[in-house]
Amino acid sequence: MAKRTINKIAVIGSGIMGSGIACHFANIGVEVLLLDIVPRELNAKEQAKELSLNDAVVRNRLVNDALAAAIKSKPAPLYHKKFATLITTGNLEDDIAKVSEVDWIIEVVVERLDIKKQVFENLEKYRTAGTLITSNTSGIPIKFMSEGRSEDFQKHFCGTHFFNPARYLKLFEIIPGPKTSPDVLDFLNSYGEQYLGKTSVVAKDTPAFIGNRVGIFSIMSLFHVVKEMGLTIEEVDKLSGPVIGRPKSATFRTVDVVGLDTLVHVANGIAQNCSEDERIAIFTLPDFINTMVENKWLGSKTGQGFYKKLKNDDGSSRIESLDLNALEYRTKQRASFATLELTKSIDNVIDRFSVLVNGKDKAGTFYRKTLAALFAYVSHRIPEISDDLYKIDDAMKAGFGWEHGPFQIWDAIGVEAGLKLAADEGLEVATWIQEMLDNGNSTFYDIKEGTTYYYDIPQKTMLKKPGQDAFIILDNIRKSNEVFKNSGVVVEDLGDGILNVEFQSKMNTIGGDVLAGLNKAIDLAEKDFAGLVIGNQAANFSVGANIGMIFMMAVEQEYDELNMAIKYFQDTMMRMRYSSIPTIAAPHGMTLGGGCELSMHADMVVAAAETYIGLVEFGVGVIPGGGGSKEMTLRASDTFHKNDVELNVLQEYFLTIGMAKVATSAYEAYDYGILQKGKDIVVVNKDRQLATAKGYARILADRGYTKPVMRTDVKVLGKQALGMFLVGTDAMQAGKYISEHDQKIANKLAYVMAGGDLSEPQRVSEQYLLDLEREAFLSLCTERKTLERIEHMLKKGKPLRN
């Protein structure tokens with residue numbers, strides 16, 4: 001296969017999905033041509049300006065307005081606003097010839113076959129032979145769309161279904177047409193994984209493909225169970241959310257966000273086009289759904305759906321929920337179940353399912369009914385929608401945010417137990433399940449030597465799951481490759497002389513055991529290995545230090561112990577930087593407070609693009625005390641030479657801490673000085689992150705890594721900077737922008753970052769700054785206001801973020 005590169009793409013259609021796809025390609029550095037139709041009439045503003053339909057600003061109004069709205073939307077579709085410069089807009093009359101210059105054309109117009117075919121007919125007039133051309137349809141058969149097109153068009157045409165929002169949802173379904181070249185499928189599969197950061201799944205050309213077919217069934221099945229069991233929407237969202245590894249929005253809140261009309265459209269499409277589906281009756285809309293659609297209670301887009309947000313007289317807001325029997329809104333109700341209480345001590349979600357299905361209350365009944373229906377349904381979808389069971393699991397995890405796919409959950413309960421659940425509900429599963437058991441295979445998956453194998457139905461044996469070679473999966477190697485373990489960490493041998501430290505504490509908080517584990521890992525690496533990675537595959541890298549421990553020491557006035565604990569944190573961070581082996585931090589998700597400080601002290605950071613990183617200690621009532629205040633001062637000093645006004649540079653770094661700024665992507669972290677250009681890198685596919693980090697650790701070691709010398713040349717500005725900061729905080733407090741306590745915290749930080757009240761600028765050591773930082777941190781821990789803030793966070797169940 002000839003090498004294919006993607007430098008520029010065209011996106012046809014600038015709606016929410018089209019603009020989102022355009023933004024995500026811009027995120028990875030690809031030029032984008034975004035085209036849409038020309039308006040047929042002037043709007044009021046254009047009429048007032050006496051513009052005509054021939055003016056360029058009018059002709060491109062639809063596409064420009066759509067892109068502008070997308071860029072302003074939340075969550076942001078761009079990693080960084082500067083990436084918007086890679087997107088050029090135009091219209092399908094004046095600019096369609098420009099598609100001849102692109103490497104890939106993606107159609108994202110309205111879901112009508114006649115319109116899509118018309119668009120493809122026009123595109124083919126200008127498309128260069130060999131250019132990829134794909135449709136983002138969510139359900140129209142691919143085979144119909146390319147009818148009548150040239151041989152070259154059909155060879156390079158298929159479906160590429162992104163899920164909304166394109167930046168955040170990882171599923172990338174690739175649906176071949178009748179004549180799609182295998183080389184095209186292979187390229188898109190690889191490109192989706194490596195460049196777009198997606199989970200690529202090749203699906204069959206069946207209604208709703210894989211993700212929506214199973215996902216919509218799961219929701220529709222639940223709608224029927226709700227009525228059957230008399231459950232409230234609060235109860236269902238409690239049962240179908242994080243407790244089983246699903247998003248916080250669970251079921252009904254998710255439908256409100258997506259839009260009930262969207263769900264109904266897909267469900268009706270399946271009902272109309274899947275006459276052979278043994279559960280087709282499930283896709284019949286319940287009466288309460290029909291009523292909601294008639295009333296236009298479609299969710300967030302119409303202001304009310306299953307939930308409704310209202311304003312109180314005092315300006316505050318409240319959420320009401322829909323009573324599915326009366327179809328009237330009422331005050332939200334709390335939901336609790338005894339069965340869920342039994343899972344609170346079970347940290348691993350996958351281990352909860354065997355407890356949940358054996359519950360003796362309504363929750364247990366709910367799980368038995370819904371999982372039985374799900375198991376039976378997915379068993380019958382093979383080979384209809386996919387020949388491989390792992391693709392169904394991958395699609396549900398990447399497209400719907402499930403932590404585990406249906407077959408993984410079935411394995412956790414036990415295949416035999418799952419069969420019994422289905423039988424008890426009067427459901428038949430596909431015959432291949434029993435054949436699998438009869439052939440001596442008791443699970444759908446198996447782990448051998450750190451590699452995942454899945455049951456292949458045609459060959460009736462376990463096969464290696466494709467695409468794993470680029471990944472390191474810690475769940476697969478944790479036991480076999482363990483080098484050290486305590487209650488806070490597991491140290492694993494990643495191979496090729498590189499160790500990994502994986503946090504195991506709640507929300508990966510950094511306490512004494514984690515620090516001890518980090519020090520032990522450095523000991524081991526310095527003695528017998530070549531490098532060290534600090535990475536994990538939990539939802540978040542680390543939400544910070546264990547502030548509950550700090551709170552207890554402060555309340556008990558154990559200041560000597562607290563001083564020792566903070567110094568231990570600082571010393572461990574400094575050891576990360578000044579060890580004889582390279583250290584690579586691999587942050588992702590929330591990387592706050594101490595997690596950010598750890599990352600900043602590694603030799604290099606390999607950050608996932610979706611890293612939300614920052615020094616947030618001000619929110620707790622303290623300053624960064626694990627080296628973060630020192631490090632930001634050092635980094636300011638290192639950039640003084642780039643700016644004549646050193647005070648301005650220092651002020652920017654001060655504000656990053658003082659405003660508790662959290663980057664909304666790894667790329668934004670460069671702006672805050674948290675990541676460093678030329679040293680730290682960003683990977684789009686989080687699944688590749690650890691393997692990439694390991695690779696860089698090996699590269700640094702092979703270059704002949706030498707232990708760095710501790711810095712003694714950090715320039716601090718003394719009274720000159722301190723005076724500026726104190727004047728600023730006085731003005732902020734006088735203007736009531738900050739409280740007296742906030743001013744006190746800011747003044748402490750100012751003292752540290754100025755290097756104290758030195759009479760003139762001078763060079764100081766890192767240790768000098770660390771001592772100032774620790775002294776300031778400890779003094780703030782004695783403040784009543786600080787302790788009240790920490791106690792408030794503890795009571796809210798947020799004992800972290802330091």
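Is Phe 209 buried or exposed, and at what relative accessibility? The points below begin with that residue.

1. In this predicted model, Phe 209 counts as buried because its relative accessibility is 0%, which falls under the 20% limit for that class. The residue sits in the loop that runs from strand S8 (199-202) to helix H9 (211-229).

2. Helix H23 itself spans residues 547-555. Its buried residues are Ile 547, Gly 548, Ile 550, Phe 551, Met 553 and Ala 554. As background to that pattern, an α-helix has 3.6 residues a turn, so residues three or four places apart point the same way.

3. One runs from Lys 74 to Pro 75, with omega near -5 degrees; Pro 75 belongs to the loop between helix H4 (61-72) and strand S3 (87-91). Another joins Ile 382 and Pro 383, with omega about 10 degrees. Pro 383 lies in the loop that links helix H16 (362-380) with helix H17 (389-400).

4. The largest nonpolar core holds 122 residues, and Phe 25, Trp 104, Leu 518 and Leu 598 are those that touch the most other members. Leaving aside residues up to four places away in sequence, Leu 518 touches Val 501, Phe 503, Ile 534, Thr 572, Met 573, Met 576 and Leu 598. A second, separate core comprises 113 residues, including Val 201, Val 226, Leu 263 and Ala 363. In soluble globular proteins, nonpolar side chains tend to be buried together.

5. The second largest pocket contains about 460 Å³ of space. Its lining consists of 17 residues, and Thr 639, Tyr 653, Tyr 670, Asp 671 and Gly 673 lie nearest the centre. Helix H26 (628-639), helix H27 (646-658) and helix H28 (666-671) are the elements that each give two or more residues to this lining. H27 supplies the largest share, 4 residues. By residue class, the lining divides into 7 charged, 5 polar and 5 nonpolar.

6. Ser 181 occupies the loop between strand S7 (171-176) and helix H8 (182-194). Because its relative accessibility is 9%, Ser 181 counts as buried. A polar atom of the Ser 181 side chain lies 3.1 Å from the backbone nitrogen of Asp 183.

7. Thr 729 is part of helix H30 (residues 719-734). The relative accessibility of Thr 729 is 6%, and the residue therefore counts as buried. With residues up to four places away in sequence left out, Thr 729 touches Ile 738, Gln 743, Ala 746 and Asn 747. Between the C-alpha atoms of Thr 729 and Lys 744, which are 15 residues apart along the chain, the separation is 8.7 Å.

How values were computed
Residues numbered from 1 in each chain as written. Predicted model: local features only at pLDDT ≥ 70, side-chain atom pairs only at ≥ 80, totals over all residues. Heavy atoms only, no water. Buried < 20%, exposed > 50% of the residue type's maximum accessible area, 1.4 Å probe, protein only. Polar contact = N/O pair within 3.5 Å; in protein donor to acceptor, adjacent residues only side chain to side chain. Core = buried A, V, L, I, M, F, W, Y, C linked by side-chain atoms within 4.5 Å. Contact = heavy atoms within 4.5 Å. 1 Å grid on protein atoms, 1.4 Å probe; cavity = no way out; pocket = protein on both sides within 12 Å on 5 of 7 lines; lining within 4 Å. Points joined across faces, edges and corners; volume = space filled by probe spheres on them. Nonpolar A, V, L, I, M, F, W, Y, C, P; charged D, E, K, R; others polar.
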